[in-house]
Structures are given as structure tokens and as C-alpha cells.
Amino acid sequence: MAIEVIKPGLATTVQDLGRPGYYHLGIPESGAMDHYALRAANLLVGNAEGDAVLEATFQGPELRMTENAVVAVTGAEMQPGVEGVAQPIWTSFAVKAGQVLAFDFLKRGARAYVAVAGGIDVPVVLGSRSTYALGALGGLEGRALRAADVLAVGKTAAAVKAGRSVPEALRRAVPATAELRVLPGLYDFRVTKAALEGFFSETWRVATEADRIGYRFRGGRPLEFVPRKQPFGAGSDPSNIVDTCYPYGSIQIPGGSEPIILHRDAVSGGGYFMIGTVISADMDLIGQLQPHAPVRFVAVDMETALAARREANQRMAALRASLQ
Amino acid sequence: MKTRMSFGGDEHIFVELDEEMSLEACFRALSLAKAVRESRVSGVSEICPANASFQLRFDPDEIAPRDLRAELEAIERASEAAEPVLKTRIVEVPVFYNDPWTHETLMRFRERHQAPDMTDLEYAARINGLASVDALIAAHAAAPWFVSMVGFVAGLPWLYQMVERSRQIEVPKYLRPRTDTPRLTVGHGGCLGCIYSVRGAGGYQMFGITPMPIYDPRQAISYLRDFMILFNPGDIVKFRPVGREEYDAISREVQEGRFNPRLSHVTFSLDAFHADPAASNAKLVEALDGH
């Protein structure tokens, strides 16, 4: 069983749940920007939760199946169609040998996850099939899909049924204005109290520079720094620090003007101060934000972050139970 | 030095050993990161030493953030008495300084530079009070460098030269980052050097290029077959100037699978370094002769 790529879409890559363990050497975890959507897609087609799928960004690919397949699409609202017949999202459906799976325009969200029963079978590199394009690592030859690529699909353990569906209540919708919860910290003391308050009270917009490495934001006022003599080795700009490791989800603001949230393909370190870190429960949502989408940052404490994480874990447990 | 801890969301804890860069702070970050690794704290998935800090990633479902913090504080107290000694490697990196490829690239990005009428080397020599580009190259290649961190992108080593602060080479980064840097460029920004492991954007001043790949995701290069990345934090680097002919010869050897980096296992003592930096460095570099 294989998938022939007729059209690749804008930026479609093979992703699973990533390759932790090498961040200290500059290799980021990679993996689906939206873990929940990836897990749901896999469960719908009877795969293991962390099997490799296709992550299609802003635009869907056109794919021909060489054999009968069961497919599910989750995440962004980008309606799939088989030979022109519309298929539901968050639901498994059949694609017959030789048929073409294509996608309608993106309506909501940013990334669709396309799981195929058996999982995408590219070589495992450092424990994962995820693509890390900046390092030309993993996935299909370390890059996004191109026309005429052929992807192998693994064998399915048992016969898989089409027509399984994620209950409406368990499909996460992207709100009109996203609220990203942030634990302030790291180097937040570098900006004035007023600047910090401004950061959390303004509405920002996703910039066009928004990809798997990081999401940039515009629209808020520049942040004012607390004056200091720069420490040796930090660099002369007040937003510079001695180069350090960047947490996933950390928010750096070079020059105090445009915040950048690092995501799954993060650059692992650098010399810009960080104001805080998006909590783990809200990382998936970032991957579903389109350029120009309005966003507010909400300061929370560790207890709130952990409560939100428990809630996300419970929703995941409910999803598993509903698809058993 | 004053240790400061801060949580990076609910999955990271950040430990800063010092606000400013020094070999002590870097050494301390590295040895604490090592102590954490050896103590096998549950729930920790990433241990990342950096220049004057380190960071852990953890699973708060496995270990509560406050418990992890308490464990780290205990590890820090226990490690204070440890002798600052590191068993590591010294690796020789051949460099073609003032090469045609970084020169071509820097000429394309002159409008992003502080001194558009000079090359990066000329500029760095001038602002460091050195008489000539050759004097800068001699200083760059004379004393060894400590790999203070590996990252930004896969396999990129950040380097801190093992000399007194007054002798550190310091240069600002480009005014605006370049959109292109040749792969294997030897760069410098602030007080730190680096070797660009892949081609791409960059803001460091460009001094030269090495023919010796340091990252190979395909693991086809002979000495990167076991692991795709050459450098680890704590490695020591010695640059050796080479000309065009030797650059081409090494490139050919790499291609034909005949090249092996010159490297030796050494023990580095921070106290011995402070007592006599020149003698300590000479001893480290000598180890390369035995290679």
C-alpha cells in the first residue's frame, strides 16, 4: 500500500508525536503542531495514537491511494473529498484503490491531519518519523512533500471500519479570538511593570511569519525595558541576554517589538529575553491559528497551568473511551 | 555568581548560574546538568546545558514542579563541593580564514552591516584593537575554545575562547540578520564563536569556513556514521588555519570517506586554567600531537 502525491499542498509534512531527547544538541522534538488532532486521526483509523500522519498546512494535498484505504482527517476545517464526493472531518472514511483524495479550501484552523490506517511508513530517525525540515531530518528525505513523491503505508493490524466519528463535544473548535495562557517568568523582569501589563492587555495578531519553528505576533505596542548595564557576553541590545536554551512555547520579544512563540521545530537557544511560556495545554491551539488571527495572552499561575493540563488529559481520556 | 530558577510553563525549569558569560558559569551549568542526568530524576526528558544556564524539560504528570525544584536545589547543594574537573575531548578544526565563499556572502549583505566598507574580518580586527586581519586570525586560532552549548539548529556548537576576559574577541552581530550563511562558516557574535552546521540565516560576523562537516542527518560521512552530530557541550576546539590547497584536500578526503577529525581525550581542570591559562591551554593542545 502506498500514497502517490499528485499535489503536495503548501507545506505538508510527515509527523508523529516527535523525537524528544536531543534538544541539548539542537535537534527539536518536531512532531504534530496539534497533538490532539493527530491522536484523534490515528484512533479513528485504528492506528496507535502516535503513528505518523500527514500534517497539511493552510492547504490540503491531492493524494492517490494505490490500494483500498481507510482515512481520517482532523484538525483544521478543510473538507476532504474522494473523487469529488465530500467526506466529513473527524470521521473515518474509505478510499478505494486508485481513487484521489483532495481537499476544499481552508475554512477554519490552520493544520489538517490526515491519518491512513497502517500509518505513514517512512524510516524512523532518532526514534521518530517526524520531519525536521531545518535540519533535513526525518520524514520523507527530511523535507515537505513534493509532487510525484510516493509514501509507503504500514500494514494494518486488523480490519478497520469506516464511519467512526469523534463526538461533537470532543472536537476542539478554534475560537474567534484565541486566548493563550502564559506562565510569566524567565526574563520578564527585563521589561517594566507597565510594559508587562500592556503585553497581557492588548490584542495581538498572528503575523505572516508563522510556521513550525515559531509564531510571530504584531499589533501591540513595543515593550519598554528596565535600564541596566548589559552583562558581559549578552550583547548590546536591551532585549539581549547571554545566549540560553529556549523552552518550547517560550515567548521572546526581540527588540521589545514583536513577540515570537517557539513551537515544535524550535530553535533550541539564542540570545533574546523571554517574557514567559505558553502552558502545555494551549500549545495545540497555536498550531491552528491562521495569519492575522487575533490573540490575547492571559497570565496564569502554575496551579492554573496544571489544572488546564489535567483537563486536557481528561479530554484525551474521553476521546480514547469514545473510540474504543 | 547567583543561581536563579524559573519555570518555563508547566514543562520546563530554567536555571541561570550567572547573568554574565564566564568559563566558571559555563562549567557550573555543564556539571549541574551532568549531576541531574546521573541522579536520574524521574519525569525529566531533556537536559540542556547552555552558556551560563541550563534547562530541563519534565512531565508534570510524573513529577510535581515544586518537587523537581526541591530536587534541583538539593543537587546544587551537593555539587558545590565537587572539584571542577571535566573529562572531555579536544578536537582540531581546520579553518580556511578569509575564504572566497563567506567573502562572497558577506559582500551580498553589506547593507546589513555596521561597517559596509569593510569585511567582517577587517571590522572585527579594528574594533578589537588588533593591527591587522592576520593578527585577528592569529588570536582566533591560538587559544582553544570551550563548546559552551550545542544548539540553535542541529549540531551547531557555540564556542567560548579560553583566555582572560581582556583578551576575548568581541563583536556585535549584524544590524539585521543575513538570510544566507554558507554551511560550515566559522562565525563570531558577542563574545561567542560558532560553526554553522547547516546553511541558513545568521547574524554572526563571518571569519572563515571549515572543510570538516559537523552534522550529517544521512549519516553517510565516515566519522558521523555512529551519530549525526560531532560536538557535545564541554568539548574543546582548537582551530588550525589552512590555505586553499589543504581546504580542497580535506574536502576530497571527507568525500572519499578517508578523513578523520584529529581529536584526543583530555582532562580539563578549571583551577589549573585559572592558575595559569597559557600553561593549561598548552597542555590541552599538546594532547593533539599524540593523536
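Let's start with helix α4 of chain B, residues 120-127, where D120(B), L121(B), Y123(B), A124(B) and A125(B) are buried. Before I go further, please keep in mind that this is a predicted model. So what do the buried residues of α4(B) pack against? They pack against α3 (100-108), α5 (133-142) and β10 of chain B. And if you follow the chain just past α4(B), you get to G129(B), which takes a positive phi of about 70 degrees.

Staying in chain B, let's look at a helix pair. At what angle do α1(B) and α2(B) pack? The angle is about 120 degrees, and the axes are 10 Å apart, with α2(B) covering residues 65-79. The crossing of α1(B) past α2(B) is right-handed. On the α1(B) side, the contact is made by R28(B), L32(B), A35(B), V36(B) and S39(B). From α2(B) you have L72(B), I75(B), E76(B) and S79(B).

Let me stop on S39(B) for a second, which sits in helix α1 of chain B.

Now for D10(B), which you'll find in the loop between β1 (4-8) and β2 (12-16) of chain B. Is D10(B) buried or exposed? The cut-off for buried is under 20% relative accessible area, and D10(B) comes in at 1%, so it counts as buried. Its side chain makes a polar contact of 2.5 Å with the side chain of S280(A). If you leave out residues up to four places away in sequence, D10(B) touches I279(A), S280(A), M302(A), A305(A), L306(A) and R309(A) from chain A, plus F58(B) and P60(B) from chain B.

Okay, on to the rings. How many aromatic pairs does the structure hold over all chains? There are 22 of them. Take Y22(A) and F227(B): that pair is stacked, at 6.2 Å centre to centre with 25 degrees between the planes. This pair crosses between chains, running from the loop between β2 (11-15) and α1 (35-44) of chain A to the loop between β10 (205-209) and β11 (236-241) of chain B. Y22(A) is partly exposed at 23% relative accessible area, and F227(B) is partly exposed too, at 27%.

Then there's F27(B) with F268(B), where the ring centres are 5.9 Å apart and the planes are at 50 degrees, so we call that pair tilted. It links distant parts of the chain, with F27(B) in helix α1 (residues 23-39) and F268(B) in strand β12 (residues 263-269), 241 residues apart. Both F27(B) and F268(B) are buried.

Over in chain A, ring pairs tie F199(A), F200(A), W204(A), F217(A) and F297(A) into a cluster.

Last stop, arginines and rings. In chain A, the charged end of R111(A) sits over the ring of F58(A), 5.9 Å from the ring centre. In chain B, R178(B) lies over the face of Y174(B), and there the distance to the ring centre is 4.6 Å.

Terms used: Residues numbered from 1 in each chain as written. Chains lettered and ligands numbered in written order. Predicted model: local features only at pLDDT ≥ 70, side-chain atom pairs only at ≥ 80, totals over all residues. Heavy atoms only, no water. Phe/Tyr/Trp six-rings, centres within 6.5 Å; stacked < 30°, edge-to-face > 60°. Helix = DSSP H or I, 4+ residues; strand = E, 2+ residues; numbered from the N terminus. Buried < 20%, exposed > 50% of the residue type's maximum accessible area, 1.4 Å probe, protein only. Lys NZ or Arg CZ within 6 Å of the ring centre and 35° of its normal. Polar contact = N/O pair within 3.5 Å; in protein donor to acceptor, adjacent residues only side chain to side chain. Contact = heavy atoms within 4.5 Å. Axes fitted to C-alpha atoms, helices over the stretch in contact; angles between N-to-C directions. Left-handed = near helix turned anticlockwise from the far one by under 90°.
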